[in-house]
Amino acid sequence: MHTTISAKLINIAAAAFTGAALLFGANAAHAANKIVARVSLSQQIMEVSVDGRPTFAWKVSTGDRAHVTPTGSFKPTRMHEMWYSKKYDNAPMPHSVFFSGGYAVHATYAIKRLGQPASHGCVRLHPDNAADFYQLVETFGPANTSIVIVK
C-alpha cells in the first residue's frame, strides 16, 4: 500500500474517469471521482483511497501535546501551492489543502519528524507526498474529497 504514483498517472486516472462520464453519464463520473484521506492520529499515518481503492499510505506529523489536530470529517475549503503561516512567523506551508479554519494538510521540511506528533495542529506530509495529494485534490476537486481525521 506504500505506493507512489506520478502526477502523470493521476492525470491519466482523471482522464479515464472523465471518459467514463461521457460513456455512462454524469452519475458514473460522480461515483468514480471520490478521494478519501484518512488520518490516524494514533498511528501518525494518512491513507488515501481513490474510488474506494487504497492508493497511498504516508507518514504524517499532526499536533503535538500542546496543539490539537481537530478530528472529524472535512472538505477542503481552499488550496494554495505555497502559503506562509500568518500565525507562526511566516512558516512555509507548501501544497496547502486547508480543511478547517487555519488547519491544513501541507508539506514539511522537517521530514525526520514524520511519524510522530510535531505540528501546531496541521497534518504535515513529506514534500513529494504533499505535492501528490495537492494534485489529486486539484484534479478530482475539493467537493469530491474528504479528509477524515480519527484518534
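## Terms and source

In this report Ala, Val, Leu, Ile, Met, Phe, Trp, Tyr, Cys and Pro count as nonpolar, Asp, Glu, Lys and Arg as charged, and the others, Gly among them, as polar. The structure is a predicted model, in which local features need pLDDT of at least 70 and side-chain atom pairs count only at pLDDT 80 or more, while totals for chains, interfaces and linings use all residues. Residues are numbered from 1 along each chain as its sequence is written, and side-chain values use heavy atoms, with hydrogens and water left out.

## Overall make-up

The secondary structure of the protein comes to 3 helices and 9 strands; helices (H or I, at least four residues) and strands (E, at least two) are DSSP runs, numbered from the N terminus. Read from the N terminus on, the elements follow the order α-α-β-β-β-β-β-β-β-β-α-β. Of the 151 residues of the protein, 44% count as buried, where buried means under 20% relative accessible area, exposed over 50%, and partly exposed in between (1.4 Å probe, protein chains only).

An open sheet is formed by 5 strands in the order 3-2-1-9-4, with mixed pairing; two strands pair if DSSP finds at least two bridges between them. Strand 3 (53-59) and strand 4 (72-74) stand at the edges, each with a single partner strand, so one side of each is left without a neighbour in the sheet. From one strand to the next, the twist averages 20 degrees, with axes taken as lines fitted to C-alpha atoms, for helices over the stretch in contact, and angles running from 0 to 180 degrees between N-to-C directions.

Strand 1 (residues 35-40) runs parallel to strand 9 (residues 145-150), and 6 bridges join them, whereas strand 1 and strand 2 run antiparallel and are also joined by 6 bridges. Ala 37 has a bridge partner in each of these neighbours, namely Ile 147 in strand 9 and Val 48 in strand 2.

## Hairpins and loops

Strand 1 and strand 2 form a hairpin with 4 residues between them, and Gln 44 in the turn has a positive phi of about 55 degrees. Gln 43 is found in the loop between these two strands and is exposed, with a relative accessible area of 57%. The C-alpha atoms of Gln 43 and Gly 115 are separated by 7.6 Å, although the two residues are 72 residues apart along the chain.

Strand 2 and strand 3 form a hairpin with 2 residues between them, where Asp 51 in the turn has a positive phi of about 55 degrees. Asp 89, in the loop between strand 5 (78-84) and strand 6 (92-100), has a phi near 55 degrees, a positive value in a residue other than glycine, and Asp 89 is exposed, with a relative accessible area of 77%.

## The nonpolar core

The largest nonpolar core has 25 residues, and among those with the most contacts inside it are Met 46, Val 48, Phe 133 and Ile 147. Such a core is a set of buried Ala, Val, Leu, Ile, Met, Phe, Trp, Tyr and Cys residues joined through side-chain atoms within 4.5 Å. Helix 3 gives the most to this core, with 6 residues.

## The lining of the largest pocket

By class, the lining of the largest pocket has 10 nonpolar, 7 polar and 4 charged residues.
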